[in-house]
Amino acid sequence: MAPMDATAGQPLDLYDLSRAQLAERLAGWGYADYYAGLVWSGFYRDLATAPEGIAGLRPALAERLAAERIGVLPVRATIDSADGHTRKFLLGLGDGAAIETVLMYFRGRATVCVSTQVGCAMGCVFCATGQMGFRRHLSPGEIVAQVVHAERELRRRGETLRNVVLMGMGEPLHNYEATMAALDTVMDHRGLAIGPRFITLSTVGVVPGIRRLTAERRPVRLAVSLHGATDEERARLVPPARRWPLGELMAACRDYTTTLGRRIFFEWTLIDGQNDGPAQAHALGRLLAGMDAHVNLIPLNPTLGYDGRPTAGAAARAFQAVLAEYGLPSTVRQRRGIDVAAGCGQLAVAR
């Protein structure tokens with residue numbers, strides 16, 4: 001994805017640049033690749049917020065870089081969950097819009113949940129982001145900046161980031177180019193160096209995007225939101241199911257697992273009386289039978305635009321027991337940050 005050029009009338013966001021693009025830009029200014037390495041390391045290893053914070057730069061280069069922009073996102077608000085395990089940030093964007101990013105603390109590890117769009121066009125009925133509608137895609141730099149922000153927060157605590165999940169606002173595969181460019185930066189071993197096995201991309205089932213992930217052999221983990229095991233049931237909760245029916249989606253998922261030799265994760269929001277009964281569990285078991293898959297069961301989190309209730313613990317365990325009959329491993333997801341609307345499906349900002 002080509003970055004916006006300063007010649008178009010706006011400063012270039014340096015977070016938008018790949019390592020190769022940064023080197024090319026500096027070469028155009030007469031600087032060797034060595035200096036591109038210093039800048040890249042300064043941004044993503046030392047987390048510098050301005051060129052003068054990067055050691056070893058010539059003053060003229062620092063001045064040239066200062067005319068561009070390092071896309072550090074201003075924090076408009078920070079809210080912590082009561083148990084202290086979740087922190088949610090409202091981050092401002094250059095056009096006045098905002099996004100939410102969530103940092104979660106687990107024993108021995110920390111995970112950041114990042115957004116890829118302002119709002120979402122997918123319209124899942126129980127999702128607060130879907131309820132707010134779609135405003136725009138995020139740029140690669142706006143996605144990267146969320147990960148950098150989380151890493152900076154953690155370093156203040158003497159910790160480091162381990163996991164990145166693209167499960168925040170938006171559909172990552174609807175913003176494919178920017179999302180992949182951002183992940184390339186996040187995974188680069190000369191900077192943030194987050195390994196691909198610690199990165200999970202979640203999609204509602206955008207089949208062309210899954211096919212492209214497979215063709216390009218992208219190394220990140222894939223999670224697909226199902227929520228229904230028949231086209232009719234799924235379409236009531238996930239409108240894109242009308243465009244990409246289950247037969248087409250499952251063919252793409254099976255191709256992903258067999259071509260890449262990689263396990264695929266399926267997400268299922270458990271809604272009391274809607275999709276949490278034995279019949280739905282058996283249907284899901286038949287749908288996924290024989291696939292190298294793991295099912296994440298997520299009791300519904302409350303949103304203002306949907307009046308469903310979460311499945312109780314006993315019913316969730318019964319659902320798991322049925323899946324086990326089909327040889328399908330499953331996990332009931334830990335609920336984090338529900339009290340501050342930081343859980344799955346709860347992220348949204350006012351228009």
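Helices (H or I, at least four residues) and strands (E, at least two) are DSSP runs, numbered from the N terminus. The model is predicted: local features need pLDDT of at least 70, side-chain atom pairs count only at pLDDT 80 or more, and totals for chains, interfaces and linings use all residues. Residues are numbered from 1 along each chain as its sequence is written, and side-chain values use heavy atoms, without hydrogens and water.

An open sheet of 10 strands runs in the order β1-β2-β3-β4-β7-β8-β9-β10-β11-β12. Its pairing is mixed; two strands pair if DSSP finds at least two bridges between them. β1 (75-80) and β12 (330-332) stand at the edges. Each has a single partner strand, so one side of each lacks a neighbour in the sheet. β1 runs antiparallel to β2 (residues 86-92), joined by five bridges. Within this pair, Thr 78 lies opposite Phe 89 of β2. Helix α11 (residues 313-325) packs on the sheet and touches β10 (264-270), β11 (293-299) and β12, contact being heavy atoms within 4.5 Å.

Leu 226 has contacts beyond four places in sequence that include Arg 234, Val 238, Phe 266 and Trp 268.

Two residues stand out by backbone angle. Most residues other than glycine have a negative phi. His 227, not a glycine, has a positive phi of about 70°. His 227 lies in the loop between β9 (221-225) and α8 (231-237). At 6% relative accessibility, His 227 is buried (under 20% relative accessible area; exposed is over 50%, partly exposed in between; 1.4 Å probe, protein chains only). Ala 341 has a positive phi near 55°. Ala 341 sits in the segment after β12 and is partly exposed, at 28%.

Notes. Axes are lines fitted to C-alpha atoms, for helices over the stretch in contact, and angles run from 0 to 180 degrees between N-to-C directions.
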